Amino acid sequence: MIAERNERRDALDQRLIDVLAECGLLAIPVPNRPERVAELWNAVRPQGVVLSGGNDLSHYGGSSLERDKTESILLELALAEHLPVLGICRGFQMLVHYLGGKLHRLNGHTGTRHQVNGLVGNQRFDSDVNSYHDWGIAELGEILQPLAHAADGSVEAAGHHGHRVLGIMWHPEREPSLSGLDRKLIEQQFV
């Protein structure tokens, strides 16, 4: 919010568009105007939804209620049409919240790197990832299943077995190049 101009702004890391393009996906950013989502959805007919990183959820003290509402509508539409969903960091937190889970404050995960290990398909992985989040997963709820953990036991990735839904806490777009793990995760969701 720029108070002196009464101006609210949305921001999206342009590198995310490039990462998705590298995986063969065309990204169309959605403005945080909940009243316009259905109209845009029907005009574009997306093949999936990516929820990007960003500020805290309003339920946990953030100031972007319109973003939360927009993303909730996108999730409702994507799940109803069985479309793939990828949540990155804040997007993963939104998935957890939307699907009935809970978040909690997490120390030592902001502006650092750490190892995550887990399972992609039938293949185990151990990977060094970036970390920029203050919130961790306290409860995934009944629908999401953990797929990767950090050394401290925190959930770093989770998926949904009934839908193509994946959440990751790291940012593929903030790396110098797309890792094999990130490419596999994105392509597995959407291609």
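I call a residue buried under 20% relative accessible area, exposed over 50% and partly exposed in between, using a 1.4 Å probe and protein chains only. The model is predicted, so I asked for pLDDT of at least 70 for local features and 80 or more for side-chain atom pairs, while totals for chains, interfaces and linings use all residues. Residues are numbered from 1 along each chain as its sequence is written, and side-chain values use heavy atoms, with hydrogens and water left out.

**Entry 1: helix α4**

I took helices (H or I, at least four residues) and strands (E, at least two) as DSSP runs, numbered from the N terminus. How many of the residues of α4 are buried? Seven of the nine are, so the rest of the structure largely encloses α4. I listed the buried ones as Arg90, Gly91, Phe92, Gln93, Met94, Leu95 and Val96. After α4 comes glycine 100, and I read a positive phi there, near 95°.

**Entry 2: arginine 90**

I then looked at arginine 90, which sits in helix α4. Arginine 90 counts as buried because its relative accessibility is 1%. What does arginine 90 touch, leaving aside its neighbours within four places in sequence? With contact meaning heavy atoms within 4.5 Å, I found Ser52, Gly53, Gly54, Asn55, Asp56, Leu57, Ser64, Arg67, Asp68 and Glu71. I also checked tryptophan 135: it lies 45 residues from arginine 90 in sequence, and the C-alpha to C-alpha separation is 8.6 Å.

**Entry 3: α3 against α4**

Three names on that contact list, Arg67, Asp68 and Glu71, took me to α3. For angles I used axes fitted as lines to C-alpha atoms, for helices over the stretch in contact, with values from 0 to 180 degrees between N-to-C directions. The axes of α3 (residues 65-80) and α4 come within 11 Å and cross at roughly 70°. That makes α3 roughly perpendicular to α4, on a scale where under 35 degrees is roughly parallel, over 145 roughly antiparallel, 65 to 115 roughly perpendicular and the rest oblique.

On the α3 side I wrote down Arg67, Asp68, Glu71, Ser72, Leu75, Glu76 and Leu79, which meet Arg90, Met94, Leu95 and Tyr98 of α4. By class, this contact has five nonpolar, one polar and five charged residues. My classes put Ala, Val, Leu, Ile, Met, Phe, Trp, Tyr, Cys and Pro as nonpolar, Asp, Glu, Lys and Arg as charged, and the others, Gly among them, as polar.

**Entry 4: the sheet**

Two strands pair, in my notes, if DSSP finds at least two bridges between them. In what order do the seven strands of the open sheet run? I read β1-β2-β9-β8-β7-β4-β5, with mixed pairing. The edges are β1 (49-51) and β5 (123-132), each pairing on one side only. From one strand to the next, the twist averages 20°. Helix α3 packs on this sheet, touching β1, β2 and β9 (165-168), and its direction makes about 150° with that of β1.

I followed the pairs across the sheet:

- β2 and β9 are parallel over four bridges, and glycine 87 has glycine 167 as its bridge partner in β9.
- β8 and β9 are antiparallel over four bridges and form a hairpin with four residues between them.
- β7 (residues 144-150) and β8 (residues 155-160) are antiparallel over five bridges.
- β4 and β7 run antiparallel, joined by three bridges.
- β4 (residues 110-120) and β5 run antiparallel, joined by ten bridges.

The hairpin of β4 and β5 has two residues between its strands, and glycine 121 in the turn has a positive phi of about 60°. I looked at both faces of β9 too: Val165 and Gly167 on one side, and Leu166 and Ile168 on the other, are all buried.

Cysteine 89 has a positive phi of about 55° although it is not a glycine. Is cysteine 89 buried or exposed? At a relative accessible area of 5%, cysteine 89 is buried.

Asparagine 6, also not a glycine, has a positive phi near 50°. Asparagine 6 lies in the segment before α1 (14-22) and counts as exposed, at 61% relative accessibility.
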